[in-house]
Amino acid sequence: LRLAIEELPAEFREVIVLKDLQGLSYRQIADIVQVPIGTVMSRLSRGRRRLTERLCAPKGAV
Amino acid sequence: MNCNQVRELISAYADGELDAEQRVAAEAHLRDCAQCSRALESLTMLKSAMQDATLSYNVPGALQKKIAALIDKAAGMPKVDTSPRRGIWKYALLAVAAGLVLAVGVASYRFIFPSEQQKIEAEAVADHEQAEYGHRLVDFASADMPAVLNHLKAKLNFEPLAPLHAPTGYTLIGGRVDRLAGHAVAVLVYKNGSQVSNIFQWPSASPPSPGTVHALKNLGVASWNGSGRTFYVVSDAGMGAANAVAALYVAEGCGTP
């Protein structure tokens, strides 16, 4: 899982780390990353989709 | 709502970040759609797996406080419990308006009077980019940390500090001597795939201080003072990575405030 997170493009990894590891709200993440809340929402959604896909069909060892 | 709409919102639904109307509509769909329910289930599993303690980066307490203070400042509002959603809209709007005014004010103030730290950050970022695109990342290439530290020490009038092992996922590429903020500085360079992290350090009389971390031009920048040195991290991999590198250094006693 750690490897999968590290392999994510930076824009997705950033919001996922802030949300799921640091426990920040969408508003707080939007303020830090300086993007609209809608962008936080879509990056989280796309990033997590990539993570679940990556974890369900691993290429190499995870 | 159809499946596509729900899949777009399901992540925010799992985070409790949907407004009441969207939440009710999503729940109605989830009750009837086994596929979307399964998607929600795997999302919930992913979220709980992320709570695994071994995954979390050990951000120093002081750094965490600093981040919290930055957030409060950026949002320009006291902490509001947003769980009961009704009745807070007026305050939320006011807070957003206040935040905007503050952000514009702070942005223009900073633009006109950049702080010493901002000047150094801009210089560190420019240096990071120059080294990367000018293909002069290191003047001593080695993955052996003691050898790199010895090389740098011989060229500088101070002893650079660094953890013996690289941050998770990173490999030490080597080191270089550079100039930053009028000082000769030691730079340790790590790579994770094609993503580069530069760690700058130089002796400093500044009192130990907790770190700051933020994004600048798509790069993660972290800085702190400790062990008689000032440290700056610039990372291609964004804020999370800069934060993780800073946390490792501090945890290993390299610049512990």
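Student: What length does helix H8 of chain B reach from its first C-alpha to its last?
Tutor: This is a predicted model, in which local features need pLDDT of at least 70, side-chain atom pairs count only at pLDDT 80 or more, and totals for chains, interfaces and linings use all residues. Residues are numbered from 1 along each chain as written, chains are lettered from A in the order written, and side-chain values use heavy atoms, without hydrogens and water. Helices are DSSP runs (H or I, at least four residues) numbered from the N terminus, and the expected span is 1.5 Å times one less than the number of residues. H8(B), residues 239–251, has 13 residues, and its reach is close to the expected 18 Å, at 18 Å.

Student: How many residues of H8(B) are buried?
Tutor: Buried means under 20% relative accessible area (1.4 Å probe, protein chains only). Among the buried residues are B:Met239, B:Asn243 and B:Tyr249. H8(B) is mostly covered, and the buried count out of its 13 residues is 12.

Student: Which residue of chain A forms a salt bridge with B:Glu8?
Tutor: A salt bridge is a side-chain nitrogen of Lys or Arg within 4 Å of a carboxyl oxygen of Asp or Glu. Between chain A and chain B the count is 3. For B:Glu8, the closest N and O atoms are 3.9 Å apart, and the partner is A:Arg49.

Student: How many residues does chain B give to the contact?
Tutor: Contact means heavy atoms within 4.5 Å. Chain A gives 29 residues, and chain B gives 35.

Note on methods
Helix = DSSP H or I, 4+ residues; strand = E, 2+ residues; numbered from the N terminus. Buried < 20%, exposed > 50% of the residue type's maximum accessible area, 1.4 Å probe, protein only.
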